[in-house]
Amino acid sequence: MTLGSLLDTTRTTTGEIVGRVASLAQAERLEECLGLTPAQQRRLWQLASPVAAPSANELLAGETSVFAGRNSLQVFSRFEKLFARDGRAIVGCNRHALSPLLGPGYFTVRDENSPELEFDYSRVPAEAPAGWPAIRGNTGVLARPVYGDLLDKVVWISPDVLVGAAFRGGSPLGSYFVLVRKM
C-alpha cells in the first residue's frame, strides 16, 4: 500500500502514515510524498496536525538544508525550500520556476508557543546566507499576492517529512504542501 492509497482510506491512522513514511528508502519517500494529490495533502495535514513538532533546529542538517516540495496548487506545484541559521534564528527561502519574477520568498521559522512550526513571510532576514539569492521583500507587485502576509503552519510526519498549510491574516487558504528532506 502506498502513502497515497493510505491517505485515500478514511480509516487510516496517524500511526499508519508515520509507519509508512518511516519504512521508505529516500528515493521512495521522495516519489510517494511528492506524488500526493491536493486531496491527499489535505488529508495528510488533517492526520498530522495534532502531533507535536520537534524544534525548528531539526530542519537543519549541518549549516543548511534543502527540502523538495509539492503544493496543492494546479500549476507550478513543485519547489524547494532552503533553510539556514541566521544568528539564533532559522531562516528560509523558496526556489521554484517563478523565483526570478516573484523573488525567493524569504521567511523566518518560528516554533515558540505552538505545536506547529511557522514559516513567517512577514519576517524577512536582513541578509541572505552565503550563496543564496539576494534578499527581496515579499511586498512587491508580483510577490505580494503569493508571499504577502503569508504564514505557513507546518508539522512533522517523520524526521525528513513535513506537511503544511498556508494561512493569510489568520485564515486558512485551503492550500497545502509536503516537504521531503533532500539527502
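Q: When do two strands pair, and how many strands make up the closed barrel in this predicted model?
A: Two strands pair if DSSP finds at least two bridges between them. Here the pairing is antiparallel and runs β1-β2-β3-β4-β5-β6-β7-β8. Neighbouring strands of this sheet are turned by 30° against each other on average, direction ignored. The closed barrel has 8 strands.

Q: Over how many bridges do strand β7 and strand β8 pair?
A: Strand β7 covers residues 161-168, and strand β8 covers residues 171-181. V161 stands opposite V180 in β8. The two strands pair in the antiparallel sense, over 7 bridges.

Q: Which helix lies across β1, β2, β7 and β8?
A: Look for residues 26-34. This helix runs at about 160° to β8. Its name is α3.

Q: Is Y121 buried or exposed?
A: Y121 sits in the loop between β5 and α6. Buried means under 20% relative accessible area. Y121 has 3%, so Y121 is buried.

Q: Which lysine lies over the face of F167?
A: Two lysines lie over rings here. K81 lies over F177, at 5.5 Å from the ring centre. The one over F167, at 4.7 Å from the ring centre, is K153.

Conventions
Residues are numbered from 1 along each chain as its sequence is written. This is a predicted model: local features need pLDDT of at least 70, side-chain atom pairs count only at pLDDT 80 or more; totals for chains, interfaces and linings use all residues. Side-chain values use heavy atoms; hydrogens and water are left out. Helices (H or I, at least four residues) and strands (E, at least two) are DSSP runs, numbered from the N terminus. Buried means under 20% relative accessible area, exposed over 50%, partly exposed in between (1.4 Å probe, protein chains only). A charge sits over a ring if NZ of Lys or CZ of Arg is within 6 Å of the ring centre and within 35 degrees of the ring normal. Axes are lines fitted to C-alpha atoms, for helices over the stretch in contact, and angles run from 0 to 180 degrees between N-to-C directions. Contact means heavy atoms within 4.5 Å.
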